Amino acid sequence: MNQKRIAIFGSTGSIGTQALDVIKANPDLFTAEILTAQSNDELLIKQALFFNPNIVVIGDEKKYQTVKTALSHTNVKVFAGEAAIAEVALIDCYDIMLAAIVGYAGLRPTLNAIELGKPIALANKETLVVAGDIVMRLAAEKRIPIIPVDSEHSAIFQCLVGEGRNKIEKIVLTASGGPFLGKKPNFLVNVKKDHALQHPNWSMGAKITIDSATLMNKGLEMIEAKWLFNLDAHQIQVVVHPQSIIHSLVMFNDGSIKAQMGLPDMKLPIQYALAFPQRIANDFPRYDFKKPSTLTFEEPDLKTFRNLALATDALYKGGNMPCILNAANEIAVFAFLRNRIGFLDMTEMVEQTMAKVSFIEQPTLQEYFDTDAEARDFAASLVHM
Ligand code: NDP
Ligand code: MG
């Protein structure tokens, strides 16, 4: 395999740092060409000194001078600001983008990378939730693959390798259930941020950890799956599987089911996406069939975890509804993480925003941008933010 040059957008995050671990462990396969962060200048500098990329970008312009000075004795080019993060995606110095920024902010850089004709290893699910039709259409036009990094979608992608045109009857996304599996609203109403940030199986960034606790994450993943695998809403099912060993399943039209399994470790889907179509040998711990264990499946509790029901509504409704849901949810999670609203208030905020912002059946990209702004403003007005 030729050495692949990787552009990591969001290199200081949970996915970004694990991707750099993968690159570090496989220096003959990968180099890091672009690294971007929002505000963590200290880590970005450390990464740049170690990996010697072509370009780094710090989103927060106030930190430009610090990064520039720290890297002044190197050849690393330093840029700053939101626009620069999107613009460097247009510089032809990499072979694949790892889209690992969190939230709506990941959309523009990813669109630019596709525009440039670069394959995408996609962790940033919000990109597809907000504007999946436009992203996938552009990728098809440019004939570039979008290879999922999200573990469930990586599982489905892996199950589909070799299946060519065989028809999918449905896919089943597995959900761990998060830290509050089995709890009821009378418990959830008192949940605080520190408790919600403790995920039983995965260690991830704050936003997705809260989304996992509310099950919004699984709702976003249903919408992500619709676009990635060109499915109808009714072909997508969620099942709670607390052990997180089966990462998702595909049922074909003969009733046969394929699953992808493994210990929960995001490095696996990250390295699969970066090296695809090859697999890379590693010495990560293995699942041990000799140890007694039980794999269980149950229906999600949609009455308690109403975010999943709202996301399912958005999935069926289509148009700009998933974009509205996503924007309201980003504001809600932001407010919850700052102790401005309670755990269940997040759902209220999303529901009210979905009812308020005008529905557009087939939005243009500009209409998605406008929808996002309008939904954010409305959601923020609910908590006077
Ligand atoms: P983190 O919060 O850990 O990291 C986010 C990264 O994006 C950081 O590098 C951060 O910079 C940067 N960033 C944050 N806000 C902005 C912004 N406004 N503009 C530009 N860059 C920004 O998130 P995760 O790594 O957990 O998640 C990244 C994406 O991957 C999310 O979409 C998530 O849903 C998805 N994902 C994550 C999984 C996981 O295990 N973590 C699993 C599956 C999907 P800084 O550090 O400076 O703030
Ligand atoms: Mg996932």
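Which residues line the largest cavity?

Tutor: The lining consists of L188, T214, T304, F305, R306, N307, F343, L344 and T347. The model is predicted, so local features need pLDDT of at least 70 and side-chain atom pairs pLDDT 80 or more, while totals for chains, interfaces and linings use all residues. Residues count from 1 along each chain as written, chains are lettered from A and ligands numbered from 1 in written order, and side-chain values use heavy atoms, without hydrogens or water.

Stay with the cavity. Its space is about 50 Å³. One cavity of 30 Å³ or more is counted. (A cavity is a set of points on a 1 Å grid over the protein atoms alone, where a 1.4 Å probe fits but cannot get out; lining residues have an atom within 4 Å of a point. Points join across faces, edges and corners, and volume is the space filled by probe spheres set on them.) The lining splits into four nonpolar residues, four polar and one charged. (Domain bounds come from an automatic or database assignment.)

Now the open space. The second largest pocket holds about 460 Å³. (A pocket is an open set with protein on both sides within 12 Å along at least five of seven lines.) Its lining has 25 residues, of which Q260, M261, L268, R279 and N282 are closest to the pocket centre. Two or more lining residues come from each of α7 (151-160), β11 (257-261) and α12 (267-275). (Helices, H or I with at least four residues, and strands, E with at least two, are DSSP runs numbered from the N terminus.) By class, this pocket lining has 13 nonpolar, nine polar and three charged residues.

P277 lies in the loop between α12 and α13 (306-317). The F276 to P277 peptide bond is cis, with omega near 10 degrees.

Last, the ligand. Ligand 1 has 24 residues around it (a heavy atom within 4 Å). T12, S39, N40, E126 and G205 come nearest. The shell has 11 nonpolar, 10 polar and three charged residues. Domain 1 (4-148) and domain 2 each give at least three residues to the shell. Oxygen atoms of ligand 1 lie 2.6 Å from a polar backbone atom of S39, 2.9 Å from one of I15 and 3.4 Å from a backbone N or O atom of A123. Alone, ligand 1 exposes 880 Å², and the protein buries 85% of that (Shrake-Rupley areas, 1.4 Å probe).

Definitions and conventions: Polar contact = N/O pair within 3.5 Å; in protein donor to acceptor, adjacent residues only side chain to side chain. Nonpolar A, V, L, I, M, F, W, Y, C, P; charged D, E, K, R; others polar.
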